[in-house]
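Student: I am new to this structure and would like to look closely at one part of it. Could you walk me through it?

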Amino acid sequence: MSTPIGSDVARVDGRLKVTGAARYTADHPVDRAAAAHVVVSAIARGRVRAMHVDEARRQPGVIAVYTPLAPLPIHAVPGFGENYAPLQDREVRFRGQIIGLVVAETAEQARDAAAQVTVEYEEAPARTSLSAGLPGLPSPGMSPDGPSPDPTLLAPGVDTIDDALRASAVVVETTVEQEAQSHVAMEPHGITAVWQGDDLTVYSGSQAPQMYAMLLATRIGIPSDRVRVVSPFVGGGFGSRVPVWSEAALAAVAARELARPVRLALTREQSIVLSGHRPMMTQRVRLGADRDGTLNAVSHESAAELPAVGGWPEIPATETTGVLYRTRNLAIDQRLVTMDTPPTWAMRAPNEAPGAFALETAMDELAVALDMDPLELRLRNYTTTVPSSGQAWTSKRLDECYRIGAERFGWEDRDPVPGSRVDGDWLIGVGMASAVYPAHAEPWPVRMQLRDSGTVVVSASTPDIGTGTYTVASIVASDALGVPIERVTAELGDSALPASAPAAGSRAAGALAPAIQSTSRVLIAALLDLAVRTEGSPFRGLDPSALTYREGRVEAGADSASFAELLGMARLPAVEATTPVAEPSAAQLAAHGFGAHFCEVRVNRFTGEPRVSRFTSAFDVGRVLSARTARSQFVGAVVFGIGGALLEANPVEESGRFAAGNLGDYLVAVNADVPPIDVTWLDYSDTAFSATGARGLGELGTVGSAAAVGNAVFNATGIRVRDLPITLDKLIGRGETSALHRV
Amino acid sequence: MPPTDPSRERPRPGPGTSRRQSPGSAGAATAAGAVPTVAENAPTATVESVGENPVEVSLRVNGSRVRMETDPRATLLDTLRDRLALTGTKKGCDRGQCGACTVQVDGRRVLSCLTLAAALDGARVTSIEGLADGDELHPVQQAFIDHDGFQCGFCTPGQIMSAVSLVEEGRTGSDEEIREHMSGNICRCSAYPFIVDAVRSVRGKVG
């Protein structure tokens, strides 16, 4: 059997998805489920003075109305996602906060009754401006006890980064800003909560069912082994389904109080507010270089929104500017500004996408200042060790990505003079940028079974959020056990399964694959042991070392039996193994995925409308396990970056309200915005990273892709747009040097 | 120029009537030709209560007749999902902005979240559950698998229903035309290029 690893296998869950049979949060059938609808605050900060709920209570079908004055018991979980608990006090902390819950027989009744609730507030001034809160406090990063997220490197005799910049022959300074961005996974958030005695079963799309069970249990005050989270299909995550948000706790407790299942579906607008967003931020990058482009000084400062109710401690520079280029002097200063806004959370490449937009825009500006090819500038400052620590990488072949990507794209045809390529009404420009994203070699376990039906089953709590984990797990198990993929079943997305990797941080495939391989070896050993112990087995009494396992069969001499036959002889339904504990790796190596983006845009010289017309990306992620789902992930990630570059913004208004509460106002890329995307990858085994050599790839393509678009827009027009998104209003009527005016 | 889109006037067999006889795999187990009411065939997920001022409607859903009382506020989307247990049709925005709820009504694609069930008396509805012919997938469904036209799969039923209509309407003359006419269906995972590949591959084979 040839190895399925890296081949173009169709998604194993494809049929369920194209027939509508895949069950997402609200699709699981539950008897007697009551419907819940949340009531949210209309002010950004203050107190609820009074809530009038009598009219709502009188509405047909209404079962219960909960408010801060008639609350449900819920605890806060400080330090992860939100740090407050809804309905436990009268405080309003952000606009759109849950301040009530209506439960009724049907969703229509709950929604209409919720609209009958009126609220009186005592309003207080709200901090809704990032710039008003500058400079902010240092960001602790995700691990406050770990190393500083702000690495510094100063050459001997250099006192400050400002000194190093002053001593540089060429200096550029770039300040970029971006509004909040919303995940808007296609499936709005929701939950169905079902109690049986003291046990709670939750149907809810989650990126980490095991953690969801633990966090929800903490919030509602029960042991975590009493909670089961069922999440076989997840309608997109992008980070928003890592925490457990308030509505989940409310639905769970309401179901307990009412002694019947409760189904709660947030509206799209509620989901945008309550389920996290990428923080608004401002960044300044200063680069100082020698005349030949060698970097002498790199400074990256950032200030990002951190809601008072908690959220993501944004650090855009650590894993971008902190690792990407060799420099003699490096300074990073990342800050957070406390605001009265809805909670933030990681959104696809949470730190790296914004950080790379800042850095890679500045690098393009430096190339212009030096009159140098931007690709050559990157190669001039190529580094084989992490600049601040001197760590080597498990593997880094970014230079090959540059070369292959440039060749496929036709980078050598580039004209460095902005506005020099015109096709009718359209100005054409090209730009490039680098991609980098950390890889996590964490040991997470799986459970595997050989069943008497002839089937191999891989079980893990890790969900498939669309990334292809069902398919990847099936491919790796098929390869490891030599069994056709049709006879492999992956059971995923359930906290009752062995606790394994979350579908977050691009870590699922890279963690599961080595676990499946090592577990397969244990499983084979267990099967051979069974073969020599089982009465009636042709191998009974032999030494297991005399047996061989090949493609689902045990063999010795002329004797051969399939694992199904052996299990039948042993009258066992299955033989099972769990992942052996891995030896901790002694090597202190850095691990990242790398890539190079090349983008062509067309900007209408009369309307300023920017369109992406071509895109090529080349990636170094070590081994690719599933070509088809990897390609889809790469392409989807690049499009995520294109949307971030040209479309996505959710500004917080002075009132604390998100300007875009729906998919008509929050613009994401649609089909017509996306040209064919040409992606390729090196495909080799990074054996220093893991036994499988696969580093994970889901977020990498989102890093740097927005900068490639912006750099192409500059090449097309001579206009440098530093504030995302790059919309036509920023390209029309700006600057005397604009090619738009040379019509 | 005719006042209406000519493609809409072209006579063609209504989808879901010729090949398919039951509401779908997730729905009630209805015998072909039967005249079920919801009460007789209610699957476990059906919400029994229909609220106040109920309106009686008769529909043909995926080839099977359904007679039911409905809350006049109930959308076709919620009716399919909550009353008929046809949960393949998805609610992505509930205001006609994402396309995840796309179904066919009388052969035309509609946004079921903006369509009231009470207004559909006598209509033929085809949802994603009604596309396959038994175990045999509709060519568009198979094309989405073959070209990986999805990732998380949540928008997929709506994408496929739109794509089926696109092919039937003959709006697949070029990639640009496919992209334009598939742009009412948002895919946050951004499988767009692969959706275009899938639709292109069935051009001329169905419809």
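Student: How many residues does helix H15 of chain A have, and how far does it reach from its first C-alpha to its last?

Tutor: This is a predicted model, with local features needing pLDDT of at least 70, side-chain atom pairs counting only at pLDDT 80 or more, and totals for chains, interfaces and linings using all residues. Residues are numbered from 1 along each chain as written, chains are lettered from A and ligands numbered from 1 in written order, and side-chain values use heavy atoms, without hydrogens or water.

Helix H15 of chain A (residues 705-717) has 13 residues and reaches 19 Å, close to the 18 Å expected at 1.5 Å a residue. Helices are DSSP runs of H or I with at least four residues, and strands are runs of E with at least two, numbered from the N terminus; the expected span is 1.5 Å times one less than the number of residues. In H15(A), 13 of 13 residues are buried, meaning under 20% relative accessible area with a 1.4 Å probe, protein chains only. A:Gly718 follows H15(A), with a positive phi near 75 degrees.

Now a look at chain B. It is divided into domain 1 (12-130) and domain 2 (139-202), with bounds from an automatic or database assignment. Their contact (heavy atoms within 4.5 Å) takes 17 residues from domain 1 of chain B and 18 residues from domain 2 of chain B. One salt bridge is found across this interface, a salt bridge being a side-chain nitrogen of Lys or Arg within 4 Å of a carboxyl oxygen of Asp or Glu. Strand S3 of chain B (residues 102-105) gives the most to the domain 1 side that touches domain 2, with three residues.

Key
Buried < 20%, exposed > 50% of the residue type's maximum accessible area, 1.4 Å probe, protein only.
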